[in-house]
Amino acid sequence: MKAFSIYYASALVVLSLAVTQAFTATSLSTSRSSKLVSYGYVPAGFTPEEYKKFKENEAKQKAKKNLGGLGPRGFKSRSFQSFQEALERGETTHLMPVFNAKEKVK
């Protein structure tokens, strides 16, 4: 019976050590090499200078385009009053769907 209690006591000690070790912080080496040099992304076939010029050229071309002009934010709604005034001036007509439009165009 004494051997049985010693067995349980040693198992309890091993278990408690495993649990305490699982919840303790481990020290990780966080020092980095001071010789680490970051070059950034440069595609194959480009030198860093060529790629920089290429990106600047693309940015200029993109700035020329009005990409947001036709989207949901680019839509400019007008008031009903401005629509009525344009009707009176003859600048616009009613924008209603026409039935049998293909026959009327002929």
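**A tour of the aromatic rings**

Start by selecting Phe 80: this residue is exposed, with a relative accessible area of 58% (buried means under 20%, exposed over 50% and partly exposed in between, using a 1.4 Å probe and protein chains only).

Before you move on, note that this is a predicted model: local features need pLDDT of at least 70, side-chain atom pairs count only at pLDDT 80 or more, and totals for chains, interfaces and linings use all residues. Residues are numbered from 1 along each chain as its sequence is written, and side-chain values use heavy atoms, leaving out hydrogens and water.

Now colour by pLDDT, the predictor's confidence in each residue from 0 to 100. The protein has a mean of 77, and 66% of its residues reach 70 or more. Confidence is highest in helix H2 (residues 48-64), at 94, and lowest in helix H1 (residues 2-22), at a mean of 69. Helices are DSSP runs of H or I with at least four residues, numbered from the N terminus.

Next, show the rings. Those of Phe, Tyr and Trp (its six-membered ring) pair if their centres lie within 6.5 Å; planes under 30 degrees apart are stacked, over 60 edge-to-face, and the rest tilted. That gives 4 aromatic pairs.

Phe 83 is buried, at 16%.

Finally, select Tyr 41, Phe 46, Tyr 51 and Phe 54, which form one aromatic cluster.

Notes
Helix = DSSP H or I, 4+ residues; strand = E, 2+ residues; numbered from the N terminus.
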